[in-house]
Amino acid sequence: MLNVRDKFDDKMERHRAPTRPKSIESAVRSASDLLQFAASESASSVNEITQDHLDLLIGRNQRYRMSCARFVRYLNKHEPMFKKLRIPARKPSFSMRGLLGQEKRDELIEFFSRSTDTADVRWSLCALLALIYAQPPARSVRMHLDQVRESVQGRHEIKFMKIWIELDSKTSNLLSRWLSLERRESSAFERDGTSQYLFPGRRAATHATSVSFGLWLKRRTGVGTRALITTSLTGWISSSLNTHRVVIDALGVSRVTTAKYAQALGVQEAKMAEHAMTRRRFRRQ
């Protein structure tokens, strides 16, 4: 940092100003905070710092976006990182706009599960994965067939991230209908069943596009994709205090997104209060 010179705000000035001592102090303090936070999350060396560590630190305080930037550039340039770190762009304020009520949610699930046309079955299944399991369509259309299997009970199991989870009856029945016949008929080039994708595209060896799903969903229901995912995440996170790990490991939702929803729904405060009561009761015993 001593060799870096920042430009003056006045563009007419051609020379550079030296880095101020407070900038160096702030950068060193932020680097120390990042190292301590990563260590508390079981990172035993600098090389084990991940994007999750950086995102969570910046999520706690936005000032780290600027003060950590120089340390992040140093790590990317001089340390053998498993994956390059990046400073996330400043995003608009978090909102739960488009959240659907329980009655509307049940109505949409019933509508999607009754689909019979080939094109409707494909997109209805994609919609159920978004509305019930919080899967973005851009991820769903890239799913492979080996991420689906049949359970002992006769239902289908699916693997979104790390854990196999059993699908509900309506989604499982629609998936069975899709795999039995209509998946092959939906693509003119994959009728022999050789495609590796759960949702084959119109061209050989490609998958369906999420843009087509968005247009179909808006035309048939008048609801956007964001509303489906927001409704699903709200239900998962607010249903129990112990579902955070399920949302992260089973559904593949990031820790940052889970924390934002938990904070907006007041789940985080309730969880902390429960732990405090548990500790108090333990002491009394």
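Colleague: In which strand is Glu-157 found?

Modeller: Glu-157 is found in strand E4, which covers residues 156-159. Helices (H or I, at least four residues) and strands (E, at least two) are DSSP runs, numbered from the N terminus. Please note that this is a predicted model, in which local features need pLDDT of at least 70, side-chain atom pairs count only at pLDDT 80 or more, and totals for chains, interfaces and linings use all residues. Residues are numbered from 1 along each chain as its sequence is written, and side-chain values use heavy atoms, with hydrogens and water left out.

Colleague: How many helices and strands does the secondary structure of the chain come to?

Modeller: The chain has 13 helices and five strands.

Colleague: Is Glu-157 buried or exposed?

Modeller: A residue is buried under 20% relative accessible area, exposed over 50%, and partly exposed in between (1.4 Å probe, protein chains only). Glu-157 has 16% relative accessibility, so this residue counts as buried. In the chain of 285 residues, buried residues make up 38%.

Colleague: With which residues is Glu-157 in contact, leaving aside its neighbours within four places in sequence?

Modeller: Contact means heavy atoms within 4.5 Å. With those neighbours left aside, the contacts of Glu-157 are Gln-147, Val-148, Arg-149, Ser-151, Trp-164, Ile-165 and Glu-166.

Colleague: What is the order of the strands in the open sheet?

Modeller: Strands of a sheet pair through backbone hydrogen bonds, either parallel or antiparallel. Two strands count as paired if DSSP finds at least two bridges between them. Here three strands form an open sheet in the order E3-E4-E5, and the pairing is antiparallel. Strand E3 (148-150) and strand E5 (164-166) are at the edges with a single partner strand each, so one side of each has no neighbour in the sheet. From one strand to the next, the twist averages 30 degrees; axes are lines fitted to C-alpha atoms, for helices over the stretch in contact, and angles run from 0 to 180 degrees between N-to-C directions.

Colleague: How many bridges join E3 to E4?

Modeller: Three bridges join these antiparallel strands. Glu-150 has His-156 of E4 as its bridge partner, and Val-148 stands opposite Ile-158 in E4. E3 and E4 form a hairpin with five residues between them, and Gly-154 in the turn has a positive phi of about 100 degrees.

Colleague: What is the bridge partner of Ile-158 in E5?

Modeller: In E5, Ile-158 is partnered by Ile-165. Three bridges join E4 to E5, again as an antiparallel pair, and this hairpin has four residues between its strands.

Colleague: Which residues does His-156 touch, not counting residues up to four places away in sequence?

Modeller: His-156 also lies in strand E4 and is buried, with a relative accessible area of 8%. Beyond those sequence neighbours, the residues that His-156 touches include Val-148, Glu-150, Ile-165, Leu-167, Ser-172 and Leu-179. Ser-169 is 13 residues from His-156 in sequence and 8.8 Å away in space, C-alpha to C-alpha.

Colleague: How far apart are the ring centres of Phe-112 and Trp-216?

Modeller: A pair of aromatic rings is described by the distance of the centres and the angle of the planes. Rings of Phe, Tyr and Trp (its six-membered ring) pair if their centres lie within 6.5 Å; planes under 30 degrees apart count as stacked, over 60 as edge-to-face and the rest as tilted. This rule gives seven aromatic pairs. In one of them, the centres of the Phe-112 and Trp-216 rings are 6.2 Å apart with planes at 35 degrees, so the pair is tilted. It links distant parts of the chain: Phe-112 is in helix H5 (residues 102-113) and Trp-216 in helix H9 (residues 210-221), 104 residues apart. Both residues of the pair, Phe-112 and Trp-216, are buried.

Colleague: Which residues do ring pairs link into a cluster?

Modeller: The cluster consists of Phe-111, Phe-112, Trp-123, Phe-213 and Trp-216. Trp-216 has a relative accessible area of 4% and touches Phe-112, Asp-120, Trp-123 and Ser-124, not counting residues up to four places away in sequence. Trp-216 and Trp-123 are 93 residues apart in sequence, yet 7.5 Å apart in space, C-alpha to C-alpha.

Colleague: Which residue lies over the face of Trp-164?

Modeller: A charge sits over a ring if NZ of Lys or CZ of Arg is within 6 Å of the ring centre and within 35 degrees of the ring normal. Arg-149 lies over the face of Trp-164, at 4.1 Å from the ring centre. Likewise, Arg-63 lies over the face of Tyr-64, at 4.4 Å from the ring centre.
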